[in-house]
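Please open the model in your viewer and keep the sequence panel beside it.

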Amino acid sequence: MEVTYATKEIRRLCEEEKHQLKQLGKKRSKRLQNRLNELRAVKQVSELQLGGPHELTGDRAGQYSVDLDGPMRLLFESTEQPPPALPAGGIDWQQVKSIRILGIEDTHD
């Protein structure tokens, strides 16, 4: 799958190991790299299996998340605007083949 970034800072965090280690620490940095590798390896979002992948709701509707560690999640969205839709409404994640990384957050706050 194609992976892009919402901002230069998020791109730097995801691609520069030194910056990653400073901001996230060793454990979370390694988990982030694993999740990014998994995202690049699948053809579409619905193929994700590790990290408790799930669609978010409420004020985060249209976003998807995978676990990193503890409460922290890697958040992303479809780069297609509007994203592919299901007949009953919502995003058809089986059709999403390109994503934009939004950030790393605790979505439970």
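Begin by selecting S4 together with strand S5 (residues 98-106), which pair in the antiparallel sense over seven bridges; strands are DSSP E runs of at least two residues, helices are H or I runs of at least four, both numbered from the N terminus, and two strands pair if DSSP finds at least two bridges between them. This is a predicted model, in which local features need pLDDT of at least 70 and side-chain atom pairs count only at pLDDT 80 or more, while totals for chains, interfaces and linings use all residues. Residues are numbered from 1 along each chain as its sequence is written, and side-chain values use heavy atoms, with hydrogens and water left out.

Next, highlight Phe76, whose bridge partner in S5 is Ile101, and then Tyr64, which stands opposite Phe76 in S4. Four residues lie between the strands of the S3 and S4 hairpin, where Gly70 takes a positive phi near 55°.

Finally, select helix H1 (residues 8-15) and helix H2 (residues 17-41), whose axes (lines fitted to C-alpha atoms over the stretch in contact) come within 8 Å and cross at roughly 75°. H1 and H2 are therefore roughly perpendicular to each other, a term for angles of 65 to 115 degrees, on a range from 0 to 180 degrees between N-to-C directions. The residues in contact (heavy atoms within 4.5 Å) include Arg12 and Leu13 of H1 and Gln23 and Leu36 of H2.

Terms used. Angles under 35 degrees count as roughly parallel, over 145 as roughly antiparallel, 65 to 115 as roughly perpendicular and the rest as oblique.
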